[in-house]
Amino acid sequence: MLLLPEQATNHKVTLLEILLSRESRQQRQRIWLADYQTTVVSLTMVIPGEIKDSELSRKAFNQAWDEINQLCNLQSWMIQASEVFNLPTGAEGLLAIKQSADVVKHACVAMEQNNPLGRLWDIDVIGEQGSISRQAIGMPPRSCFICDLDARVCARQRTHSIQDLHAAMEALFHHADVV
Ligand SMILES: [Zn+2]
């Protein structure tokens, strides 16, 4: 297994840490794009609350990482490089894949939609033109894991309490039979 769930730090992140981790993630993505000159996939987890590196988030990450690697294998897409960053602000994975960003994005959205844990995965696919949105490839926006509305709207308006989001997240795991 990639990350050991029982070794999660359960570190409570601050807003500053979140902002800094986003900045370093974007910087790593730029470096990978420049170095490999191909599609870059950046994997993070969508975890409600201030603890991003938890037992559950690690399990969700491991599963997503496996699925992406299997997808590349199945489609015979060459992985030029891949690396997992085990951070107290939540694990991040990067892959440089020899395939057009549109094609990879389609497959990754399908993965997010078809896997029971997919709503916890944030698979960012970056090409020459930058990060590709679901809308750009004609797919619906990510839906909230409680009410099925556009997840960005619920996040912005804080429609659901952290407790409700956590309960929904745990239910996803039970449903997925991972716990
Ligand atoms: Zn919602």
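**Ground rules.** I number residues from 1 along each chain as its sequence is written, and my side-chain values use heavy atoms, with hydrogens and water left out. Because the model is predicted, local features need pLDDT of at least 70 and side-chain atom pairs count only at pLDDT 80 or more, while totals for chains, interfaces and linings use all residues. Helices (H or I, at least four residues) and strands (E, at least two) are DSSP runs, numbered from the N terminus.

Entry: I began with strand 3, residues 92-98. Next I looked up its pairing, which takes at least two DSSP bridges between two strands. Strand 1 (residues 39-45) runs antiparallel to strand 3, and five bridges join them; Ser42 has Leu94 as its bridge partner there. Strand 2 (residues 78-85) also pairs with strand 3 in the antiparallel sense, over seven bridges, and Val84 is bridged to Gly93. The hairpin of strand 2 and strand 3 has six residues between the strands, and Gly90 takes a positive phi near 110 degrees in it.

**Entry: Gln29.** Buried or exposed, I wondered about Gln29? At 9% relative accessibility, Gln29 counts as buried. Gln29 sits in helix 1, residues 15-36. Leaving out residues up to four places away in sequence, Gln29 touches Ser42, Leu94, Asp124 and Ile126 (contact is heavy atoms within 4.5 Å). I was pleased to meet Ser42 and Leu94 again, the bridge partners from my strand entry.

**Entry: helix 2 against helix 5.** How do helix 2 (residues 55-74) and helix 5 (residues 162-176) pack? Their axes, lines fitted to C-alpha atoms over the stretch in contact, are 11 Å apart, at an angle of about 50 degrees on a scale from 0 to 180 degrees between N-to-C directions. Leu56, Lys59 and Ala60 in helix 2 meet Met169, Glu170 and Phe173 in helix 5. By class, I note four nonpolar, no polar and two charged residues in this contact; Ala, Val, Leu, Ile, Met, Phe, Trp, Tyr, Cys and Pro count as nonpolar, Asp, Glu, Lys and Arg as charged, and the others as polar.

**Entry: Leu56.** I went back to Leu56 in helix 2, which counts as buried at 15% relative accessibility. Leu56 and Pro5 are 51 residues apart in sequence, yet 7.1 Å apart in space, C-alpha to C-alpha.

How values were computed. Buried < 20%, exposed > 50% of the residue type's maximum accessible area, 1.4 Å probe, protein only.
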